[in-house]
Amino acid sequence: MASVRLESVRKEYENGTIAVDDFNLSINDGELMILVGPSGCGKSTVLRMIAGLEDISAGTLLIDGKRMNDVSPVTRNIAMVFQNYALYPHMTVRKNIELSLKLRRIPKTDRKLRVEETAALLGLEDVLESRPAQLSGGQRQRVAMSRAIVRDPSVFLLDEPLSNLDAKLRAQVRRDISDLQKRLCATMVFVTHDQIEAMTMADRIVVMRDGQVQQVGTPNDLYKNPKNVFVADFIGSPSMNILNGCLVAGSDALQFAFVTGQIWEIRNVKIKKGSEAFDKIGGPIFLGIRPEHLAIEGAESKIAGLSAVVKSVEPLGGEAIVLVELIGVKDRASSNPGESEISVDTHGSSFSDQKQTQIVVKVQGRFQFTVGDEVIVYLNDDPMVYLFDTETQMTVTGIVEAL
Amino acid sequence: MTIIGMIMLLPIYYMIYLAFSKPGTEYAWPPTFIPRPIAWENIRDVPNSGDVPLWGYLRNSIIYTSLATLGCLITQSLAGFAFARLRFPGRNLLFGVTVAMLLMPFVVTMIPRFLLFNKIGLSDSIWPLIIPFWFGGSPYGIFLMRQFFLSIPPEIDEAAKIDGANSWRILWTILLPQSVPVLVALGTLHVAYFWNDLLGPLIYCQSQKWKTLPQGIIFNYQSNWNPQYALFMMSALLMLIPTATLFLVLQRRFKQGFLFSGLGGR
């Protein structure tokens, strides 16, 4: 297997569209790297440039230290699995797997042996003489994988290979690919727009937006330490809640003021003195909280938090995704939470009004409230909050949690 | 519809009626629904009944039809592939010109083409009928092949490219085997056209040895002062058999070809 390195890679199309710009990434030998991002962010373009299916407008691509910009796809010794598998419909599974070996003039006996070994590895022995149209989605996916494996490539490139599978099969194939990657110690570059796929499979993830790298890191790193609002919003399901307001000076605890002036004191989180966040006190800020770090109590509860009304409930069995609309801040001492309503100023902000006044809470276990109930939303025992600069949208450091 | 259908079938009925009439009794009075007696011997007599036996014409027709069809299928596949898959400067302009050629009737190029072949000394042969079809032939075929290739996902080509195939190999190993229905459809249309072509041979095939079947049939039975309509129609009827059989045998694939290329109705 091999390492892959992209240095200041750029892709500009003839019509002037820039698909990828200043892309730097180093993929280690035997690593499963996942490129993730919304549609049109350039992740497939990066993969196609590594494969040699797209020219590189500027920058350098190195595979195992060798410059590959102008090398033909076949000489790069890469294998690619396409979203629609791209199996040759008129050929049997055997011939589909065998073609690359045949084109490399590998003797017939060797070819037969390698095809059968690969088919056995992926459990395709019984369908070797079938045509792709006779196979199920999962089998086709495995044929596509076999076709990649049989060549013994330096790098595997996978372009959304699970998106045509149903949810159950997808989870299965996800595990299979991870196992296979570990067994073969393969260098894999995997493209997906599904962040669950990225989180569960990757050694490291690259989050992309508008052709540029937003952050590279392990799944845990991206989840815990997102570099900016985009990564924070993209990684995690449901997405992080982002609230618009400002930091207020006062007690030790983090105090977040909504633009109406109502102050939410988050008692178990504080700002480190002299930190970047400390400097932001008195200025505008985005406050980010993941749905799984919030909890809900009934309005009659004495707990301090945000007063809200339940707007919708999505029960998922073991947990529920609850959408609530904020109506006010409830202090521990206050008995009338809805006294002054929260209204959020959206001027100069990229977030929609709805996003700021409605927040999502992930509740473990059975959810006891129904739509229309008044509730208190508060940070749970595992609090993680994030602050983001409203202009640069970068993470502001200096928060200390779990006092 | 049935009545219109019947009217459309009337000339064919009349052709069959005449084909099985005894020579000399084609216009016997009173007319009968089927000829009496049915002259089955016309089938046997037709090949050698005219001034010149039909076998020579048949040979020329087979050469013309097969070589021209082969030329069309090869060059139209290549051109269709180039327009659908290869990137080269002026591709869209060139394709536009090709499609515009659909609007140009044969008669417009008929005289310049004749002068050209006359100049290179090929005018009295079937080669001027065949050679143009080894250079693309009809734009319709190019258009049809392009549309078909566009319906095949480009990822299949890309997968083959990564597997080590060049453009020739992609066309030959990956795309053409998938194109059988459309090649059959196109081939059938071409065979029918070349087999029945009369205008082309009339222009180029002046001497007896190059005449094709439609030309020969007319020459044999209609050009003298005593037209033999029974044998004339029988030879025309026999001439229909190859194309009709081809169409009947390949009917299913013929329809598939147009459906796959996105040009068919539902």
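Helices (H or I, at least four residues) and strands (E, at least two) are DSSP runs, numbered from the N terminus. By that count, chain B holds 14 helices and zero strands.

A word on conventions: this is a predicted model, where local features need pLDDT of at least 70, side-chain atom pairs count only at pLDDT 80 or more, and totals for chains, interfaces and linings use all residues. Residues are numbered from 1 along each chain as its sequence is written, while chains are lettered from A and ligands numbered from 1 in the order in which they are written.

Here is chain B in brief. A residue counts as buried with 20 or more other C-beta atoms within 10 Å of its own, exposed with 12 or fewer, and partly exposed in between, C-beta atoms being placed from the backbone. Two residues are in contact if those C-beta atoms lie within 7 Å.

| Property of chain B | Value |
|---|---|
| Box filled by C-alpha atoms, along the principal axes | roughly 75 × 50 × 30 Å |
| Buried residues | 36% of 266 residues |
| Contacts at least 6 apart in sequence that join residues at least 24 apart | 77% |

Now to the cores, each a set of buried Ala, Val, Leu, Ile, Met, Phe, Trp, Tyr and Cys residues joined through C-beta atoms within 7 Å. The largest nonpolar core has 153 residues, and A:Val377 is one of those touching the most other members. Because domain 1 (4–234) and domain 2 (241–401) of chain A, bounds taken from an automatic or database domain assignment, both contribute residues, this core lies between them. Apart from it lies another core of 15 residues, including B:Leu18 and B:Met233.
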